[in-house]
Amino acid sequence: MIITWHGFSCFKIQETRQSGEVTLVTDPFETEGAAKLPRNLAADIVTVSHDGKRHNAVDAVSGIGDGEKNGPFVITGPGEYEVKDMFVTGVPTFHETVDDKEKGTVTMYRINVGELHMVHLGALKHPLDEKFMEDFHDVDVLFVPVGGEDVLTAKQAAAVVQQIEPRIIIPMHYKNGDVGADLATVEAFVKALGLPKPEVLPKLKLSKKDLPQDEMRLVLLDPQ
């Protein structure tokens, strides 16, 4: 499997199987200053966690091998989906609390392909209720937002990581260079997590045998 980060909460997840390659893109975003998606970004599946311009620019992603004729299979809400042997489960929650009332919607995704089990928390902005642990157990890779403002703060994100206890943690939706000026940088999350800051990678190549067994591994990616 190859995992590539494009900025904010957008990742491209590619897996090659005997039946062929399958590609999933999470939370494609609209161009925002220096932040833009690759012009040739294509996928079999696109997941959207929140109805906001940093999460729902599905028109920026074309279908695999189809150009503009047919787009990818787009998932925008709860349910169970299967596309080319990739299994995606959308888990609903609210976005934020305003005046003690739950406002907005967010869909978090559990993504299973082959032997790897991943969770993408999307635009989550509040602590994770224990009721979600039934869906988010035995997680190999966790994509967690850490930049504050419209997503989890660094301390909240670190607490969610301790709840889920994934084998690999990939932070997302934080300030990177000139991108996301309203967000915090990743350093506060690294400090709250209590793990050493690792080398920043251009992409992550991963298989089941590469997973750490006795400790969590923090992975930082450079937007491509």
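What follows goes from the overall fold to one strand and its partner.

A word on the ground rules: this is a predicted model, so local features need pLDDT of at least 70 and side-chain atom pairs count only at pLDDT 80 or more, while totals for chains, interfaces and linings use all residues. Residues are numbered from 1 along each chain as its sequence is written, and side-chain values use heavy atoms, with hydrogens and water left out.

The chain holds two helices and 17 strands, counted as DSSP runs from the N terminus (H or I, at least four residues, for helices; E, at least two, for strands). Its radius of gyration is 16 Å, close to the 17 Å that the globule rule gives for 224 residues, so the chain is as compact as a globular protein of that length. Here the radius is taken over C-alpha atoms, and the rule is 2.2 Å times the number of residues to the power 0.38. The C-alpha trace spans about 45 × 40 × 35 Å along its principal axes.

Of the 224 residues, 50% are buried, meaning under 20% relative accessible area with a 1.4 Å probe, protein chains only.

Now zoom in on strand β11, residues 116–120. Five of its five residues are buried, so the strand is largely enclosed by the rest of the structure. In a regular strand, side chains alternate between the two faces of the sheet. In β11 both faces are covered: Leu116, Met118 and His120 lie on one side, His117 and Val119 on the other.

And its neighbour? β11 pairs in the parallel sense with β12 (residues 141–145) over three bridges; pairing takes at least two DSSP bridges. Across that pairing, His120 stands opposite Phe143 of β12.
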